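Take a moment to look over the fold before reading on.

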Amino acid sequence: MTPEDVAGMQRFKVGELVVDSGTPILMEGSNSPQLFTTLHGMGLRYRHLENGERQVINFVFPGDFLGLQAGLMGEMGHSVEATTKMTLCVFDRSELWSFIKADPERGFELAWLSAVEEHFMGESLTTVGQRTAIQAIAWMFVRIYLRSEATGISENNAMRFPFKQKDIADALGLSLVHTNKTISILKSRQLLGWSGDEIQIHDLSALAKIGLTTLGKPKTRPIM
């Protein structure tokens, strides 16, 4: 951003919020008065069914803008929870329209972020419906790694990934047992490694081939 852009964002910003792992940030059905940008840490977007089952929608990374759905539609259609300790930049939702009118370029960037989310949801639905388990998990690791590259949080083919295999299973509509066995296959083929909360990608091209996806140059994401 230019110094003028930063100054505009600072006027829109009302503060910062630090939350611990496991803290709900936004709740499905709520009408939060705040919007957030993730500065540090990671989390999950998910929905709960009436029977208690959970559908993970996607993973939250640094740079993600949270709460736009409630900002435009009046309430959240999903929940957001911190997986690690997170630092969030806080904005007043009631000022969103005035902010966009004063800075149309930021409004376009919000639309860009929304379009990216919509595209990802289409890919995810295709994955759940049409990819096999090994194709789906390979696709997921490729998408997440490219996402980390676009945000600049990966280094030497490695990235922090503080999520559980259950989170992957919930995101892809797989059983935990099937997810565990499939990840073990990818590890045995030396395509990736998973140690603690770090993922190592040993052969991104091979993962992309298995996942029936392509590798493109990571697009620079706007940061709100």
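Which residues in H4 are buried? They are Arg106, Gly107, Glu109, Leu110, Leu113, Glu123, Ser124 and Thr127. Buried means under 20% relative accessible area, exposed means over 50%, and partly exposed lies in between (1.4 Å probe, protein chains only). An α-helix has 3.6 residues a turn, so residues three or four places apart point the same way.

A word on the source. This is a predicted model, where local features need pLDDT of at least 70, side-chain atom pairs count only at pLDDT 80 or more, and totals for chains, interfaces and linings use all residues. Residues are numbered from 1 along each chain as its sequence is written, and side-chain values use heavy atoms, with hydrogens and water left out.

Back to H4. This helix covers residues 104-130, which is 27 residues. From its first C-alpha to its last it reaches 39 Å. That is close to the 39 Å expected at 1.5 Å a residue (the expected span is 1.5 Å times one less than the number of residues).

Now step back. The protein chain has eight helices and 11 strands. Both are DSSP runs numbered from the N terminus: helices (H or I) have at least four residues, strands (E) at least two. The C-alpha trace spans about 50 × 40 × 30 Å along its principal axes. Of the 224 residues, 48% count as buried.

Contact means heavy atoms within 4.5 Å. Among contacts in the protein chain with a separation of 6 or more, 72% join residues 24 or more positions apart.

Gln55 gives a local view. It is found in strand E5 (residues 54-60). Gln55 is partly exposed, because its relative accessible area is 34%. Leaving aside neighbours within four places in sequence, Gln55 is in contact with Arg45, Tyr46, Arg47, Asp170 and Ala171.

Finally, two loops. Asn156 is found between helix H5 (133-151) and strand E9 (158-160). Its phi is near 55 degrees, a positive value in a residue other than glycine. Asn156 counts as exposed because its relative accessibility is 70%. Gln190 is in the loop between helix H7 (176-188) and strand E10 (192-195). Gln190 is not a glycine, yet has a positive phi of about 60 degrees. With a relative accessible area of 61%, Gln190 is exposed.
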